[in-house]
Amino acid sequence: MIKKIEHIGIAVKDLKSAIEFYEKALGMKCYKIEEVESQKVKTAFFKVGETKIELLEGTEPESPIIKFINGKGEGIHHIAYLVDDVQNTLNDLKAKGLRLIDERPRKGTEGFNIAFVHPSSTGGVLIELCEETK
Ligand code: ZN
């Protein structure tokens with residue numbers, strides 16, 4: 001059902017200085033910056049072998065990323081798993097009693113359909129499900 005870790009999402013206060021850290025200290029290269037207005041986030045992507053790092057900066061005070069940082073500080077925000085079919089996976093997880101944030105897939109970054117599963121039913125980890133749409 002789960003094919004691989006598509007990316008790891010990391011909440012940052014300042015995208016520009018975070019990109020600088022990943023590029024200068026870790027030698028990674030940011031290949032894309034994308035703003036998702038509906039989610040009130042600006043994201044930066046880095047390829048790491050088969051997976052990616054997604055840095056997320058909130059763009060408005062009520063952004064979920066800013067709320068997350070206010071509560072827990074900067075750091076790992078979510079793990080994104082690649083699946084064949086997000087809706088099927090959501091149905092399956094719901095049937096197993098997990099609490100979903102999204103009942104239906106929606107458009108995410110990188111042309112994926114995505115949905116989130118609530119950390120209260122996954123041992124504290126916000127899970128993102130991703131499905132390729134091509
Ligand atoms: Zn993500």
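**Notes on a zinc site and the sheet around it**

1. Tyr81 sits opposite Leu129 of β8. Two strands count as paired if DSSP finds at least two bridges between them, and the elements themselves are DSSP runs, numbered from the N terminus (helices are H or I with at least four residues, strands are E with at least two).

2. Before going on, some ground rules. The model is predicted, with local features needing pLDDT of at least 70 and side-chain atom pairs counting only at pLDDT 80 or more, while totals for chains, interfaces and linings use all residues. Residues are numbered from 1 along each chain as its sequence is written, and side-chain values use heavy atoms, with hydrogens and water left out.

3. On to the metal. Zinc takes its protein donors from His7 (NE2), Glu54 (OE), His78 (NE2) and Glu128 (OE), at 2.0 to 2.2 Å. A donor here is an N, O or S atom within 2.8 Å of the metal (3.2 Å for Na, K and Ca), and water is not among the atoms, so sites may look incomplete. Along the chain, the donor residues follow the spacing H-x46-E-x23-H-x49-E. The histidine pair ties together distant parts of the chain, as His7 is in strand β1 (residues 2-11) and His78 in strand β5 (residues 75-83), 71 residues apart.

4. What geometry do the four donor atoms give around the zinc ion? An irregular one, because the angles they subtend run from 83 to 170°. By the rule used, four donors are tetrahedral if all angles lie between 85 and 135 degrees; four are square planar and six octahedral if opposite donors are over 155 degrees apart and all others between 65 and 115; anything else is irregular.

5. Buried is under 20%, exposed is over 50% and partly exposed is in between (1.4 Å probe, protein chains only). His77, also in strand β5, counts as buried at 13%. Its contacts (heavy atoms within 4.5 Å) beyond four places in sequence are Gly9, Ile10, Ala11, Leu56, Ile65, Phe68 and Leu126.

6. Now the sheet as a whole. It is open and mixed, with eight strands in the order β2-β3-β4-β1-β5-β8-β7-β6. Its edges are β2 (30-36) and β6 (106-107), each with a single partner strand, so one side of each has no neighbour in the sheet. β1 and β5 run antiparallel and share eight bridges, with Ala11 opposite Gly75 in β5.

7. The β2 end is worth a look. Six bridges pair β2 with strand β3 (residues 41-48) in the antiparallel sense, and Glu35 faces Lys42 of β3. Helix α1 (residues 15-24) packs on the sheet and touches β1, β2, β3 and β4 (51-58), its direction making about 5° with that of β3. Those directions come from lines fitted to C-alpha atoms (for helices, over the stretch in contact), with angles from 0 to 180 degrees between N-to-C directions.

8. Thr43 lies in β3 and is buried at 0%.

9. The largest nonpolar core has 12 residues, among them Ile10, Leu15, Tyr22, Met28, Phe46 and Ile53. α1, β3 and β4 each give two or more residues to this core, and α1 gives the most, with four. A nonpolar core is a set of buried Ala, Val, Leu, Ile, Met, Phe, Trp, Tyr and Cys residues joined through side-chain atoms within 4.5 Å. Ile53 touches Ile8, Ile10, Tyr22, Met28, Ala44, Phe45, Phe46 and Val48, leaving out residues up to four places away. A second, separate core of nine residues includes Val86, Leu90, Leu93 and Ala115.

10. Two backbone angles to check. Lys40 has a positive phi, near 55°, without being a glycine; it is in the loop between β2 and β3 and is partly exposed at 24%. Glu110, likewise not a glycine, has phi near 60°. Glu110 is in the loop between β6 and β7 (112-117) and is partly exposed at 22%.
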